[in-house]
Amino acid sequence: MRGLWTTARVRAAEDRVLARVPAGSLMRRAAFGVATVALEVSAGRRIGLLVGAGNNGGDALWAGYYLRRRGVAVSAVLLDPPRAHAEGLAAFRKAGGRVVDRLTDVDLVIDGIVGLSGRGPLRPDAAEHVAHLDAPVLAVDSPSGLDPDTGAVHGPAVHAAVTVTFGCLKPVHALADCGDVRLVDIGLTPELAGPDLVELEVSDVGAAWPVPGPTDDKYTQGVTGVAAGSATYPGAAVLATGAALLATSGMVRYAGAAAEDVRARWPEAICTGSITDAGRVQAWVAGPGLGTGLGAEEVLRTVLDAGVPVCADADAITMLANNPDLWDARDPDTPVVLTPHDREYERLVGEVGDDRVAAAKRAADRFDAVVLLKGHATVIAAPDGRVLVNRARTSWASTAGSGDVLSGLIGSLLAAGLDPLLAAGCAAKVHVLAAELAADGAPIPASALLNAIPDAIRAVRPLTVP
Ligand SMILES: NC(=O)C1=CN([C@@H]2O[C@H](COP(=O)(O)OP(=O)(O)OC[C@H]3O[C@@H](n4cnc5c(N)ncnc54)[C@H](O)[C@@H]3O)[C@@H](O)[C@H]2O)[C@@H](O)CC1
Ligand SMILES: [K+]
């Protein structure tokens, strides 16, 4: 697991460290880390600095100083000369660094425009310099123009090939594209309590993924119920049921109007036309392709009243938004995972806004549910305040029917007994991995994503386990 800390928490921790270390030592340590990575990634020996008005610029200038000492030709543009970090600039100049008006003929650019204090897009003068860069960029702490706490971008911003950050990761490193992120230790760890956000790593997902043991049978691994699909949208039922079948070795019961289609594609699923005949399950997936009429509402009520965890997706979310009384069917102890995309979130809660983490937390709190807010960076918030982030490296999973697959995965992990936040987090990770594996560089339909689930699970599981 990789923890991420918000800038307010980082500053508080830094202040505690700064109180007991010599002035400037933290910045020099950070800058030495930047210089080390710059030497490693730079193809040549000419490096340019973009230097802003604060300590981020100070880091860049001190990195320039260390690079000069290694014989690198370093030039720097000062975006606000009177406010450039005085000691850093003096050291840089003394070591033979050149101050220039524009960066030309450099092999690497170090972005020290703005870091933790950055808000909003790049200012016009900084944007002008960034627009004319033709070398790869190493961002100091975070790519300038990206909000360090939310990853939001609203205009010109630096596109970094590498980001070197200090002490701990910040939300932007999981929420937005920062290139290859490197972490330099500046002694912050003892001052940091638990993180604000967590990114699951492949090994976490592999360790949590349920696999049958010697005493397991089809019931002990959890039976997933799927209440999805309709005469108009049978495909959603086929995809959600398929995902649940492929995710674990537990049994899957399908209940609904697409029973014939589901049976034809998945003979191993136990299919029935009506929710009342479905039999016992350990978790329900409700909503994909279900419709929003009175019959669908009754299905959702039955599912919420069943006393087992529920993954409510798509039409289930719309119904809960249209008719909040449906929540009354839910026993307060029944865990619910809601999986809205932005428009569904809007129907349910209101505008998502720039801060997707805050948005997911707001909804989790309001509905006492785990909320998985879909996006390129999917944010998953639990009502107890825990938050997971899962950023996709590609957008291949963004295709019709992809959400139906995700809800099937979540449902089967809920049925297997995983903590709902972990179930949603593991499902999200395997979902994007399956999309990447299936796509392999070309667009795919959701059924190809579905077919790649076993490969994605194999890829996350420890190699030593058969
Ligand atoms: N506090 C510490 O102990 C340490 C801080 N370090 C560095 O210090 C940075 C934070 O420094 P500061 O708090 O001085 O602030 P920054 O250097 O992040 O920002 C400086 C100034 O940039 C301007 N600015 C804000 N948004 C902008 C935008 N969108 N476009 C252009 N300019 C903008 C503002 O005038 C702001 O005050 C960290 O990101 C890190 O790089 C490191 O040296 C490690 C130790
Ligand atoms: K920066």
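Which of the 29 residues around ligand 1 come nearest? They are Gly54, Asn55, Asn56, Gly115 and Ser117, where a residue is near a molecule if its C-beta atom, placed from the backbone, lies within 6 Å of it. Two or more residues of this shell come from each of α1 (7-18), α2 (25-41) and α3 (55-69), and α3 gives the most, with four residues. Helices (H or I, at least four residues) and strands (E, at least two) are DSSP runs, numbered from the N terminus.

This is a predicted model, in which local features need pLDDT of at least 70, side-chain atom pairs count only at pLDDT 80 or more, and totals for chains, interfaces and linings use all residues. Residues are numbered from 1 along each chain as its sequence is written, while chains are lettered from A and ligands numbered from 1 in the order in which they are written.

The UniProt annotation "domain: YjeF N-terminal", from an unreviewed entry, covers residues 10-194; such annotations may be inferred rather than shown by experiment, and positions follow the numbering used here, with feature names shortened. The span is 34% helix and 18% strand, and its end C-alpha atoms lie 12 Å apart. Gly194 sits in the loop between β8 (180-184) and β9 (197-199). From Trp5, Gly194 is 189 residues away in sequence but 8.4 Å away in space, C-alpha to C-alpha.

An open sheet of eleven strands has mixed pairing and the order β1-β9-β18-β17-β16-β15-β14-β13-β10-β11-β12; two strands pair if DSSP finds at least two bridges between them. Its edge strands, β1 (2-4) and β12 (270-272), each pair on one side only. Within the sheet, β10 (residues 224-227) and β13 (residues 283-286) pair in the parallel sense over four bridges, with Ala283 as the bridge partner of Thr224.
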